[in-house]
Amino acid sequence: MRIESRYNGPPGSGNGGWSAGLFAAEAGPGPVEVTLRRPPPLETPLTLVDGEVRDPAGEVVAEVRPGAPVDAVVPPVDRATAVDAAARYPGLVEHPFPGCYVCGPERADGLRIFPGRLPDGRTAAPFRAPEQVGGATVWAALDCPGGWSVIAPGRPYVLGRMAARLIALPEPGDECVVTGVTVSVEGRKARVHSSLYGPDGALLASARATWIALPSGADRA
């Protein structure tokens, strides 16, 4: 496995959702839960052995374990509502990692998913499926909408653990909608859910995740 540099999240490391999706695919069929133990390195050969993703030096990057099926679903919104929410995306004003492949406003070549807050606390964003769509694409699309339901100014979070259920892949060019919600916050840990819907409103995928707050003012390289 290798995380190409274009699939970054924080500078110098892989986007959490993309990386977790890549590791889950390597593990094969069946529900799994991916726990990131350190920032996934870019352009580095990684191997999965006995449920551990390791770098060439043998350092553990992530753990991939069998997990309970994901049954939580964040209710959908229509595309117009998602477009309106995205216009209020706080990351357009202040973003801890503006070059993120998924939600970074500086990335013209990224997924450009900009989750804005709805009145009930959920996030929503439109998402146009790229020309090449795989499982890791869907994991990535499910990642940041959950995180932005808890991220606040001066309070950055990063993905710590994620599990996803893929029902179907969107077709390239499909105009989809992604929603997210915070389930609970305990100390530095936030539990979130997210869901991806196709152009016809059908549920394509859903995820549960744990995000970890970084110390105030810290950066993650």
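Leaving aside neighbours within four places in sequence, V102 is in contact with N15, L111, R112, I113, A140 and C144, where contact means heavy atoms within 4.5 Å. The model is a predicted one, in which local features need pLDDT of at least 70 and side-chain atom pairs count only at pLDDT 80 or more, while totals for chains, interfaces and linings use all residues. Residues are numbered from 1 along each chain as its sequence is written, and side-chain values use heavy atoms, with hydrogens and water left out.

V102 also belongs to the largest nonpolar core, which has 51 residues. A nonpolar core is a set of buried Ala, Val, Leu, Ile, Met, Phe, Trp, Tyr and Cys residues joined through side-chain atoms within 4.5 Å; buried means under 20% relative accessible area, exposed over 50%, and partly exposed in between, with a 1.4 Å probe and protein chains only. Alongside V102, the residues with the most contacts inside this core are F23, V34, F127, L142 and L196. Helix α3 gives the most to this core, with 7 residues. A second, separate core of 6 residues includes A85, L118, A124 and V177.

Helices (H or I, at least four residues) and strands (E, at least two) are DSSP runs, numbered from the N terminus. In helix α3, 12 of the 13 residues are buried, so the helix is largely enclosed by the rest of the structure. Among these buried residues are W139, A140, L142 and C144.

Two strands pair if DSSP finds at least two bridges between them.

Strand β7 has 7 of its 10 residues buried, so it is largely enclosed by the rest of the structure. On one side, 2 bridges join β1 to β7 in the antiparallel sense, and V34 stands opposite M162 in β7. Strands β7 and β10 pair antiparallel over 9 bridges, with W211 in β10 as the bridge partner of L159.

Finally, the whole structure holds 5 aromatic pairs. Rings of Phe, Tyr and Trp (its six-membered ring) pair if their centres lie within 6.5 Å; planes under 30 degrees apart count as stacked, over 60 as edge-to-face and the rest as tilted. The rings of W18 and Y101 have centres 5.9 Å apart and planes at 80°, so this pair is edge-to-face. The pair links distant parts of the chain, 83 residues apart, with W18 in helix α1 (residues 16–27) and Y101 in the loop between α2 and β5. W18 is buried at a relative accessible area of 12%, and Y101 is buried at 4%. Ring pairs link Y7, W18 and Y101 into a cluster.
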